[in-house]
Amino acid sequence: IALYENLPSEINSLYGLETGHMDIGLSAVMNMQTLIDMIGDFHQHFPNVTFNFVENGGKYIEQQLLNDELDFGITTLPVDQQRFEAISFNKESLCVVTHHEHPLSQYKSVKMKELIQEDFILFNDDFYLNDKIMEIAKNAGFIPNMVSQISQWNVIENLIINKLGITILPATISELLNDDVKMIQLENANTEWELGVVWKKDKRLSHATNKWIEFLKEKLTEQK
């Protein structure tokens with residue numbers, strides 16, 4: 001069925017007319033700017049390709065890929081290599097985020113074990129970041145006291161501003177936050193956060209999606 005659905009775009013590609021459509025799953029735990037810049041550049045080269053963006057947690061994005069509801073998605077690496085193909089997109093550290101008047105805000109860095117008495121505002125269970133934070137906390141000898149679970153980081157920011165608790169976020173998101181919050185380095189050897197562009201293994205990709213993957217690989221190579 002997918003073959004016939006993509007047939008008009010495939011015929012156009014034979015004549016050099018790059019057309020098509022891509023359904024893209026975006027992680028809610030990322031700074032979108034780099035990806036949007038790349039998609040904007042791609043659009044300049046292929047103006048007849050259209051996009052639909054869906055924002056979700058990484059686990060839900062993976063399920064949507066397996067259900068053929070998305071062409072590709074941005075989610076946490078590593079992924080199951082038996083089910084997905086992936087390209088590393090971004091690596092960064094995780095940071096503790098507190099209200100600027102919080103006692104921890106005076107420090108440049110903290111250890112995870114120093115957060116044992118804190119109230120945590122975390123993402124919901126669809127997000128791999130939640131699993132990562134729970135893992136780091138357990139390795140430090142405690143289970144975080146969660147006062148709230150949310151699906152959007154800007155809502156988490158507002159709860160922190162209102163002094164409901166602290167959170168842990170990727171550094172690039174932390175840098176976008178309001179001046180009322182403070183970003184503190186988390187001292188831990190296992191706090192690297194890696195996102196990748198992921199698609200279903202062995203799926204017949206559309207011409208537009210193949211072009212995008214080629215374009216992305218080229219851009220990421222240029223950035224190294």
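Ring pairs link Phe42, Phe46, Phe51, Phe53, Phe72, Trp212 and Phe215 into a cluster. Rings of Phe, Tyr and Trp (its six-membered ring) count as a pair if their centres lie within 6.5 Å; planes under 30 degrees apart are called stacked, over 60 edge-to-face, and the rest tilted. Keep in mind that you're looking at a predicted model, where local features need pLDDT of at least 70, side-chain atom pairs count only at pLDDT 80 or more, and totals for chains, interfaces and linings use all residues. Residues are numbered from 1 along each chain as its sequence is written, and side-chain values use heavy atoms, with hydrogens and water left out.

**How confident is the model?**

- The chain averages a pLDDT of 88, and 91% of the residues score at least 70; pLDDT is the predictor's confidence in each residue, from 0 to 100.
- Confidence is lowest in helix H2 (residues 7-14), with a mean of 44, and highest in H4, with 96.
- The names H and E come from DSSP runs, numbered from the N terminus: helices (H or I) have at least four residues and strands (E) at least two.

**Aromatic pairs**

- There are nine aromatic pairs in the structure.
- Take Phe72 and Trp212: their ring centres sit 5.6 Å apart with the planes at 15 degrees, so this pair is stacked.
- Phe72 belongs to strand E3 (residues 72-76) and Trp212 to helix H8, so the pair ties together parts that are 140 residues apart in sequence.
- Phe72 is buried, with a relative accessible area of 1%, and Trp212 is buried too, at 0%. Buried means under 20% relative accessible area, exposed means over 50%, and partly exposed is in between (1.4 Å probe, protein chains only).
- Phe120 and Phe142 make a tilted pair, at 6.4 Å centre to centre and 40 degrees between the planes.
- That pair links distant parts of the chain: Phe120 is in strand E6 (residues 119-123), while Phe142 is in the loop between H5 and strand E7 (145-150), 22 residues apart.
- Both Phe120 and Phe142 are buried.

**Strands E6 and E7**

- E6 and E7 pair in the parallel sense over five bridges; two strands pair if DSSP finds at least two bridges between them.
- Phe120 has Met146 in E7 as its bridge partner.
- The chain goes from E6 through H5 to E7, a β-α-β crossover that is right-handed. Right-handed means that, with the strands pointing away from the viewer, the path from the first strand over the helix to the second runs clockwise.

**Salt bridges**

- The structure has 10 salt bridges, each being a side-chain nitrogen of Lys or Arg within 4 Å of a carboxyl oxygen of Asp or Glu.
- Asp41 and Lys219 form one of them, at 2.7 Å from N to O.
- Asp41 lies in helix H3 (residues 33-45) and Lys219 in helix H8 (residues 207-223), so this pair ties together parts that are 178 residues apart in sequence.
- Asp131 and Lys59 form another, at 2.8 Å from N to O, and this one links distant parts of the chain: Asp131 is in helix H5 (residues 128-139) and Lys59 in helix H4 (residues 58-66), 72 residues apart.
- Asp131 is partly exposed, with a relative accessible area of 34%, and Lys59 is partly exposed at 28%.
- Lys219 also meets Glu222 in a salt bridge (3.9 Å, N to O).
- Lys219 and Glu222 are three residues apart in helix H8, which means about one helical turn separates them.
- Salt bridges that share partners join Asp68, Asp71, Lys200 and Lys203 into one network.
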